[in-house]
Amino acid sequence: MSDKMNKNRVFNFSAGPSILPLNVLEDVQGELVCYKESGQSVMEMSHRSKEFDKIIKEAESDLRELMNIPENYKVMFIQGGGTLQFSMVALNFMYKNHKADYVITGSWAKKAMKEAARYGDVKAVASSEEDVFTYIPKVDKSMVREDADYLYICYNNTIYGTHYNYIPDVDIPIIADMSSCILSEEIDVSRFGAIIAGAQKNIGPAGVTIAIVREDLIGHAHPMTPVYLDYKTHSENDSLYNTPPCFAIYVAGLVFKDLVAKGGLSAKQKANEEKASKLYNYLDSSKLFSCPVAKEDRSIMNVVFVTGDKELDKKFIEAAKSHGLINLGGHRSIGGMRASIYNAMPEEGVDRLIAFMQEFEKANA
């Protein structure tokens with residue numbers, strides 16, 4: 001990337017689509033017109049070609065290595081975003097007793113449950129809505145229906161800045177939406193029946209969704225399930241039933257390789273925790289800014305904070321832009337501020353944000 005373009009780049013705290021590793025963007029730039037020796041762009045090549053076959057297979061292999069995905073789990077690259085997964089989860093997994101339990105920790109869990117209610121008996125077994133989703137409820141097997149087909153959780157809540165600090169101990173499959181925290185930390189995939197994740201946070205550009213599904217849960221879709229919404233379709237066709245989002249998968253593959261080369265998820269988790277700790281420590285010491293989230297449930301990906309004055313919040317967000325700190329506005333449903341410090345956010349970005357917050361606090365004490 002040219003020096004001019006590099007100088008024009010800002011620190012992007014968007015919740016998604018979000019920041020990507022600069023070196024990955026530069027690799028994409030270098031291969032955009034001609035991918036390796038193929039004479040064509042990845043955006044132009046056939047998804048049945050030997051070149052793309054290698055791209056998608058290496059992407060899956062690297063993801064399996066990063067997350068230590070067991071052999072009895074299928075990895076699928078699917079279109080439609082996380083929202084389509086709300087339907088797919090219910091249509092595919094609510095097959096025994098047509099019952100499912102949901103933990104409501106934010107807007108996306110609510111939307112997932114509302115969609116599932118179209119296909120069966122759903123129940124909210126716990127919720128933190130009465131406290132504006134500022135904490136994660138504790139859930140155990142005594143709270144979950146024994147005949148429920150699965151328990152659904154949103155592992156990291158992008159809007160509210162909360163994250164599970166535990167995995168519920170239940171006897172039914174756990175289906176987890178990890179869209180905004182996948183690849184940010186080490187997790188035990190075997191504790192989950194399925195993990196779904198939209199790409200546009202830590203994986204790559206919008207357009208592809210990752211579905212990691214235990215094999216025994218595949219093949220039981222509702223008879224009226226559209227062919228594209230059946231996980232079996234994607235599993236049996238190695239994510240190539242139809243033309244997949246080839247370019248998004250290609251970029252995701254580069255991100256996976258970059259993570260592997262930089263020490264994997266243990267190294268990335270350590271770096272993420274250090275970045276988040278810096279920002280939370282400042283917030284907890286500040287007399288102007290505060291974080292409403294329970295300390296034990298704070299996300300290391302999405303840090304929400306407020307001044308307590310809506311007009312001052314707006315002033316901060318606008319002033320930050322002139323300092324190269326963009327997309328710090330909170331979700332439209334709750335306002336305030338939110339700094340999404342995903343994998344690709346360098347520590348320098350967090351340092352710059354804290355320095356500006358300190359300046360702003362002095363000027364607006």
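Residues are numbered from 1 along each chain as its sequence is written, and side-chain values use heavy atoms, with hydrogens and water left out. Because the model is predicted, local features need pLDDT of at least 70 and side-chain atom pairs count only at pLDDT 80 or more, whereas totals for chains, interfaces and linings use all residues.

With a disulfide defined as a pair of cysteine sulfur atoms within 2.5 Å, the count is 0 disulfides. For C154, the closest cysteine sulfur belongs to C181 and lies 7.8 Å away, which is too far for a bond. For C246, the closest cysteine sulfur is that of C34, at 17 Å, again too far for a bond. Residues are classed by relative accessible area (buried under 20%, exposed over 50%, partly exposed in between; 1.4 Å probe, protein chains only). C154 is buried at 3%, and C246 is likewise buried at 9%.

M43 is exposed, with a relative accessible area of 55%, and is located in the loop between helix 2 (22-31) and helix 3 (50-67). Helices (H or I, at least four residues) and strands (E, at least two) are DSSP runs, numbered from the N terminus.

The whole structure contains 18 aromatic pairs. Rings of Phe, Tyr and Trp (its six-membered ring) pair if their centres lie within 6.5 Å; planes under 30 degrees apart count as stacked, over 60 as edge-to-face and the rest as tilted. F289 and F316 form an edge-to-face pair, 5.2 Å centre to centre with 65° between the planes. This pair links distant parts of the chain, 27 residues apart: F289 is in the loop between helix 8 (264-285) and strand 11 (302-305), and F316 in helix 9 (residues 310-321). Both F289 and F316 are buried. F316 also forms an edge-to-face pair with F305, at 6.0 Å centre to centre and 80° between the planes. F305 lies in strand 11 and F316 in helix 9, so this pair ties together parts 11 residues apart in sequence. The relative accessibility of F305 is 1%, and F305 counts as buried; the value for F316 is 0%. One aromatic cluster is formed by Y282, F289, F305, F316, F356 and F360.
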